[in-house]
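Okay, thanks for having me.

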Amino acid sequence: MAQSIPVKANDSIIYHIELVHDFSMLPTFLQQLGYGRTQKICIVTDSNVAPLYARDVQDLLEKEFDTVILHTFEAGEHNKNLETVNTLYQTLIEQHFDRQDLLIALGGGVVGDLTGFTAATYLRGIDFIQVPTTLLSQVDSSIGGKTGVDFMQYKNMVGAFYQPKAVIIDPLVLKTLDARQFSCGAAEIIKMAACFDRELFETIEKNRIEDDPEMFIAGALNIKKDVVQKDERESGLRRALNFGHTLGHGIESNTDLLHGECVSIGMIPMCSAKIQERMKAVLRREGLPVSLSEAAVQGKTILPEESPDDQVRVIAEAVLHDKKAQDGKVVTVQVDDIGSCSFVKMDSQQILKSLREVL
């Protein structure tokens with residue numbers, strides 16, 4: 001194993017993040033965690049990842065475990081919903097899964113969030129392991145126990161805090177990731193560096209993330225696990241990891257842009273004037289848009305509205321329905337200087353102003 005990063009709660013290790021160079025160690029690792037031959041395993045994945053890795057992982061596990069099933073759902077954020085969860089519940093019930101058995105989330109953030117939520121709620125809790133296959137899920141969504149699904153057009157509105165038993169990350173799988181998806185993961189690394197680690201941000205300014213992804217993945221993981229250890233339930237410091245996400249989720253709900261692209265755009269108005277150009281330069285270098293108009297020029301699809309003002313109003317409405325909204329205001333994260341951030345409350349007029357800035 002290349003690296004093993006412990007994640008703690010109340011000074012006790014609750015799981016490890018394992019940075020590995022292939023999945024061949026997976027059966028032995030599960031045995032070390034205490035899973036035996038008779039315990040059933042369900043690999044949950046989507047239609048994009050299944051043809052790449054699912055059969056190989058299933059073959060590996062079937063050598064040591066009697067029952068290893070595969071549950072595949074159609075890829076896409078639009079399938080991260082309760083209907084897809086219900087289908088997975090049905091599979092688990094029909095295959096007689098009980099609390100001693102295990103789910104493995106093999107895929108990106110949608111797979112991880114949905115599998116984690118299912119694990120948290122099936123029989124009031126069943127074990128699961130994260131095996132993230134996108135850069136975004138490797139550095140962000142697989143860590144920290146936030147699980148959930150979208151409800152109507154609102155992102156992650158239904159969810160639970162539920163920690164995995166392990167997170168197993170193989171950076172080599174990123175070779176099958178297209179450039180746009182890789183850039184989305186880069187946005188999350190830049191986000192964490194901007195909020196918490198000046199040195200890492202300056203390293204990104206000098207080096208493209210794709211040149212040494214393992215180094216940048218490890219840097220982001222150490223930031224994320226330190227923050228999560230201090231604030232597991234997102235009652236304080238952990239909210240800083242939402243930098244770019246409050247406006248970004250509103251944009252994501254009303255465009256065809258990918259999550260990381262929306263976060264990239266959402267970060268810009270929340271940067272102080274002194275660092276905004278540095279942020280734009282780093283994001284653009286990683287292939288990310290810093291405005292909706294720039295995304296359109298790059299050929300990314302934006303859903304049409306009657307006018308730009310109408311589009312801004314629709315996005316603002318989605319922002320105000322964010323789960324962090326309270327009394328007509330939304331708590332957002334502002335980066336004052338690289339490595340330093342603060343919380344601010346925005347009302348509807350401030351949200352509209354910020355959205356017009358990135359239109």
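Let's start with Glu232, which sits in the loop between helix 8 (213–230) and helix 9 (245–253); helices here are DSSP runs of H or I, at least four residues, and strands are E runs of at least two, both numbered from the N terminus. Before going on, the ground rules: residues are numbered from 1 along each chain as its sequence is written, and side-chain values use heavy atoms, without hydrogens and water. Also, this is a predicted model, where local features need pLDDT of at least 70 and side-chain atom pairs need 80 or more, while totals for chains, interfaces and linings use all residues.

Leaving out residues up to four places away in sequence, Glu232 touches Ala9, Phe161, Gln163 and Arg238, a contact being heavy atoms within 4.5 Å. And Glu232 to Gly145 is 8.0 Å, C-alpha to C-alpha, for residues 87 apart in sequence.

Now compare Arg124, in the loop between helix 4 (109–121) and strand 6 (127–132). Arg124 is exposed, at 75%.

Next, charges. I'm calling it a salt bridge when a Lys or Arg side-chain nitrogen is within 4 Å of an Asp or Glu carboxyl oxygen, and by that rule we get 21. One of them pairs Lys80 with Asp113 at 2.9 Å, N to O. Lys80 is in the loop between strand 4 (68–73) and helix 3 (82–94), and Asp113 is in helix 4, so the pair ties together parts 33 residues apart in sequence. Lys80 is buried at 2%, and Asp113 is buried too, at 10%.

Then there's Glu261 with Arg180, at 2.6 Å, N to O. Here helix 10 (residues 259–267) meets helix 6, so parts 81 residues apart in sequence get tied together. Glu261 is buried at 1%, while Arg180 is partly exposed at 34%.

Last stop, the inside. The largest nonpolar core has 66 residues, and Ile17, Leu135, Ile204, Ile209, Phe243 and Met279 touch the most other members; a core is a set of buried Ala, Val, Leu, Ile, Met, Phe, Trp, Tyr and Cys joined through side-chain atoms within 4.5 Å. Which helix gives the most to this core? Helix 6 (residues 179–196), with nine residues. Apart from that core lies another, of 25 residues, Ile41 and Val57 among them.

That's my tour, thanks.

Conventions
Buried < 20%, exposed > 50% of the residue type's maximum accessible area, 1.4 Å probe, protein only.
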